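Welcome, and take a moment to turn the model around before reading on.

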Amino acid sequence: MDIDERIKLITGVGEEIVTPEELRQLLEEKKNPIAYDGFEPSGLAHLPFGVFRPLLLKDLIKAGIKFKIWLADWFAWINNKLDGDLDKIRTTADYFIEVWKAAGVPTNKVEFLYASDAMDSIEYWNRVVRIAKVTTVARATRALTIMGRKEGEMSEVAAYFYPVMQVSDIFHLEADITQLGLDQRRANMLAREVGPKLGFWKPVVVSHHMLINLEGAKEPEGLTDEVSRDYHLIDTKMSKSKPSSSIFIHDTFDEIRTKINAAYCPPKEVQGNPLLDYAKHLIFRAFDEMKIERKEKFGGDISFTSYEELEKGYVAGNLHPMDLKNSMAVYIDKMVEPVRNHFESKSSARALYEQVKEFQVTR
RNA sequence: CGGGAUGUAGCUCAACUUGGCAGAGCUAUGGACUGUAGAUCCAUCGGUUGCCGGUUCAAAUCCGGCCAUCCCGACCA
């Protein structure tokens, strides 16, 4: 595969790439550059994690990327996920791996690493301190939004370890590319700034889209300061901790249909519309065509072969929200089904699922 | 260790001074209106008033003790 093809694949994954020029240069230098994404093992797997992420990964692997999955157990601990109980977090990490296997992630091409395995390394902490020493308190404070919490929710000094440790991870994992969600932008930018100062490299940042939650992004473009934009993203993204506005890989077809039906979906409007968001980032990434069945009185069946075509039809009013919803439930169910089934049929997977589900309830 | 403040519905808070059926807003749920959702209107759910005891016919309210959180100070560095 030539460089242009590889770039095309990676560009398709990145909603933002810093910088495209550096990406090209990297691909020219390395046949198999290393990329990573980190996850706090917290609750049950939802669409962004169990469906979307594996889809992106498929293209990255195709492009020759060597991918490292960072199970950020210590980070979940710092962030008080699952009562800050490291045992529960470790169990959830194992469940996460199981989700990915079920989702068809080739485990021979992806490396799973636990953060806690690196924590007894003096080099790691030496690096953390060096990063902390070239980072101002103000800068670290701004980066705290990567924890997905707002200012009032954080009161522990431990939070300040989070961004510097995350930057340290990048160099620990020897990542040429940081391929995380757009909400992790601040840590990655910090790494680019700090890397060269400390004799490391400047990672290329390929940030993927954040799927929006079922309630939609209703706020009318608060173009104010950067922090409130971060907050807006935190409020808008599909989050495991807000079950009512998320779809999980364990949801039955009926549950999916009910949730989709209750989703925010203003007619003819694209901005902040979760249904259009899923069509673009899930359906057309996985399928070549989206078929929509309608009764004759509503215009009869219709089919779209690209997102652009669908969006055009929606804006023009040729596609009613309810028809889109009905079809969406079927397609999402199709995507979730293999993962859901895996946890139904394989007993060891089911046991993990049951445990993690318990953690949710206890919370 | 000491001083102060706070603790009431899932969330934000009223009611405490002067004891008398524990309330509002938001959220949630259900209807109305829309061929979805949202918005709007209507209705409903929601409570061991942090815990234990005391005074009283009657305690969220007054008194005592305890617990938790926050602020300030001291001790120790």
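Pro-338 has a relative accessibility of 46% and therefore counts as partly exposed, since that class runs between 20% and 50%. This proline lies in helix H14.

With a relative accessible area of 35%, Glu-337 is partly exposed. The C-alpha atoms of Glu-337 and Asp-251 are separated by 9.1 Å, and these two residues are 86 apart along the chain.

Helix H14 also takes part in a helix pair. Helix H11 (residues 253-262) packs with helix H14 (residues 321-345) at an angle of about 140°, and their axes are 9 Å apart. H11 and H14 are therefore oblique to each other, and H11 passes H14 in a right-handed crossing. On the H11 side, the contact is made by Phe-253, Ile-256, Arg-257, Ile-260, Asn-261 and Ala-262, while H14 brings Lys-325, Met-328, Ala-329, Val-330, Ile-332, Asp-333, Val-336 and Arg-340. The residues of this contact of H11 with H14 divide into 9 nonpolar, 1 polar and 4 charged.

Now look at the start of the chain for another pair. The axes of helix H1 (residues 3-13) and helix H2 (residues 20-29) come within 10 Å and cross at roughly 130°. H1 and H2 are therefore oblique to each other, and their crossing is right-handed. In H1, the residues Ile-3, Asp-4, Arg-6, Ile-7 and Ile-10 meet Leu-23, Arg-24, Leu-27 and Glu-28 of H2. Sorted by kind, the residues of the contact of H1 with H2 are 5 nonpolar, no polar and 4 charged.

Which bond joins Val-18 and Thr-19? It is a cis peptide bond, with omega about -10°. Thr-19 sits in the loop between strand S1 (14-18) and H2.

Another loop to visit is the one between helix H4 (73-78) and helix H5 (86-102), where Asn-80 has its place. Asp-83 is found in the loop between H4 and H5 as well. Here are the two residues together:

| Residue | Phi | Relative accessible area |
|---|---|---|
| Asn-80 | near 60° | 37%, partly exposed |
| Asp-83 | about 60° | 48%, partly exposed |

For Asn-80, the phi value is positive in a residue other than glycine. Asp-83 likewise has a positive phi although it is not a glycine.

Let us finish with helix H10. Leaving out residues up to four places away in sequence, Asp-230 touches Arg-142, Thr-145 and Arg-186. The buried residues of H10 are Asp-230, Ile-234 and Thr-236, and what covers them includes helix H7 (137-143) and helix H9 (185-197).

How confident is the prediction? Chain A averages a pLDDT of 91, and 96% of the residues score at least 70. Among the elements of chain A, H10 has the lowest mean pLDDT (80), whereas strand S6 (residues 204-208) has the highest (97).

Conventions
Residues are numbered from 1 along each chain as its sequence is written. Chains are lettered from A and ligands numbered from 1 in the order in which they are written. This is a predicted model: local features need pLDDT of at least 70, side-chain atom pairs count only at pLDDT 80 or more; totals for chains, interfaces and linings use all residues. Side-chain values use heavy atoms; hydrogens and water are left out. Contact means heavy atoms within 4.5 Å. pLDDT is the predictor's confidence in each residue, from 0 to 100. Helices (H or I, at least four residues) and strands (E, at least two) are DSSP runs, numbered from the N terminus. Axes are lines fitted to C-alpha atoms, for helices over the stretch in contact, and angles run from 0 to 180 degrees between N-to-C directions. Angles under 35 degrees count as roughly parallel, over 145 as roughly antiparallel, 65 to 115 as roughly perpendicular and the rest as oblique. A crossing is left-handed if the near helix is turned anticlockwise from the far one by less than a right angle, and right-handed if clockwise. Ala, Val, Leu, Ile, Met, Phe, Trp, Tyr, Cys and Pro count as nonpolar, Asp, Glu, Lys and Arg as charged, and the others, Gly among them, as polar. Buried means under 20% relative accessible area, exposed over 50%, partly exposed in between (1.4 Å probe, protein chains only).
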